[in-house]
Amino acid sequence: MGRGGQALARVAVVVRAGAAPLWWPGLLAAGVGALVPGLTGRRIGLLAGAALFLVTAAAVALVRYGRYTRLADGAVRAARADFLQDRAVTVRTWRRSRRWWLLLAFLAALGSSFVLPGAGGLCLAGAGAGLWLKAVRLGRRESAREVLLWVPVDRLAKGPAGRPVEAYRITGIAAGDAAPGGARRRR
């Protein structure tokens with residue numbers, strides 16, 4: 001970027017980008033897995049899956065949230081020369097860079113159905129639900145402070161709260177094309 005500007009991606013959009021690719025394949029794997037009797041039987045598999053769903057959703061929603069809040073509290077104003085990345089570009093980039101991991105997770109969830117029917121799929125769906133919950137919490141934080149949180153794109157290799165990220169940038173609530181929490185802005 002010219003004159004010292006950086007490309008910035010919305011923090012909540014990056015977090016939310018993984019929710020749908022984990023949620024829907026997880027539900028599909030759980031549905032297919034429920035058709036397989038498995039070693040433990042359907043009832044035990046689905047009950048274990050429900051427990052895994054809750055535990056995974058809670059763990060994913062809470063993990064590293066303290067780092068997110070520390071980075072948000074230390075956020076600095078975005079420079080005038082910074083470029084705000086489009087929501088669709090952020091989501092597409094995140095999903096493309098992890099498509100093989102998402103496919104492997106789906107196949108592992110399907111394969112686990114031969115032991116615990118539906119459990120792997122519900123665990124995968126729980127991870128998607130946890131990411132969605134984390135994005136919603138970030139959105140509430142953004143709304144309360146009336147700012148949007150951004151992270152430099154070149155620091156996203158280890159995620160929006162990874163070690164390379166030193167501070168978030170903030171803009172006004174009207175910047176960008178995503179609502180607080182990373183959802184599509186309704187016009």
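Reader: Before I look at strands, what do the element labels mean, and when do two strands pair?

Author: Helices (H or I, at least four residues) and strands (E, at least two) are DSSP runs, numbered from the N terminus. Two strands pair if DSSP finds at least two bridges between them. This is a predicted model, where local features need pLDDT of at least 70, side-chain atom pairs count only at pLDDT 80 or more, and totals for chains, interfaces and linings use all residues. Residues are numbered from 1 along each chain as its sequence is written, and side-chain values use heavy atoms, leaving out hydrogens and water.

Reader: Thanks! Which strands does E5 pair with, and in what direction?

Author: Strand E4 (residues 147-152) runs antiparallel to E5, with 4 bridges between them. Here Val 147 has Gly 172 of E5 as its bridge partner. Strand E2 (residues 76-77) is parallel to E5 (residues 169-172), joined by 2 bridges. In that pair, Val 76 sits opposite Arg 169.

Reader: And how do I read a pocket?

Author: On a 1 Å grid over the protein atoms alone, a pocket is an open set of points where a 1.4 Å probe fits, with protein on both sides within 12 Å along at least five of seven lines; lining residues have an atom within 4 Å of a point. Grid points are joined across faces, edges and corners, and a volume is the space filled by probe spheres set on the points. The largest pocket holds about 460 Å³. Its lining has 19 residues, with Val 15, Trp 94, Arg 98, Leu 131 and Pro 160 nearest the centre.

Reader: Which helix gives the most to that lining?

Author: H7 does, with 4 residues.
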